[in-house]
Amino acid sequence: MSDTRAELADSPFLIDAEERNNDENWGEWTLTFRSGRVSYTQRNDTASSESSGTFIVTDDAVKLAMDTGVNQGETFAFRWTLHGDTLTFRRDDSLGVGPTPFLVNSWTRVP
């Protein structure tokens, strides 16, 4: 997934100004799900970040429990849909926190 600083700033999903002003919340992203583990990397000309942990999928909900990196100790949860190679997350407050950077654009599977 790729998003620009402007796309993040204009996102209707923003929770607060801290999300908007954090350079670790936009750029080129890679998200990997494999064998019960999830990891992501984020890079732009200003900042880079990464985190990893475990994930659980239940029907159309996914829960990410980060145990290393910048989000260590945090848990994220989303509704998700997969159409072909396009993964889209949606925030559902009943599941927990779903940070804006994961929602700005859809993710595309790369072989």
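**Aromatic pairs and strand partners**

Me: Which residue in β6 does Ala65 stand opposite?
Reply: This is a predicted model, where local features need pLDDT of at least 70, side-chain atom pairs count only at pLDDT 80 or more, and totals for chains, interfaces and linings use all residues. Residues are numbered from 1 along each chain as its sequence is written, and side-chain values use heavy atoms, leaving out hydrogens and water. Strands are DSSP runs (E, at least two residues), numbered from the N terminus. The residue in β6 opposite Ala65 is Thr75.

Me: In what sense do β5 and β6 pair?
Reply: Two strands pair if DSSP finds at least two bridges between them. β5 (residues 61-69) and β6 have five bridges, and the sense is antiparallel.

Me: How many aromatic pairs are there?
Reply: Rings of Phe, Tyr and Trp (its six-membered ring) pair if their centres lie within 6.5 Å; planes under 30 degrees apart are stacked, over 60 edge-to-face, and the rest tilted. By that rule, the count is eleven.

Me: Why is the pair of Phe76 and Phe102 called tilted?
Reply: Their ring centres are 5.9 Å apart. Their planes sit at 55°, so the pair is tilted.

Me: What kind of pair do Phe89 and Trp107 make?
Reply: Phe89 lies in strand β7 and Trp107 in strand β8, so the pair ties together parts 18 residues apart in sequence. The ring centres are 6.4 Å apart and the planes at 80°, so it's edge-to-face.

Me: Is Trp107 buried or exposed?
Reply: Buried means under 20% relative accessible area, exposed over 50%, and partly exposed in between (1.4 Å probe, protein chains only). Trp107 has 5%, so it's buried.

Terms used
Helices (H or I, at least four residues) and strands (E, at least two) are DSSP runs, numbered from the N terminus.
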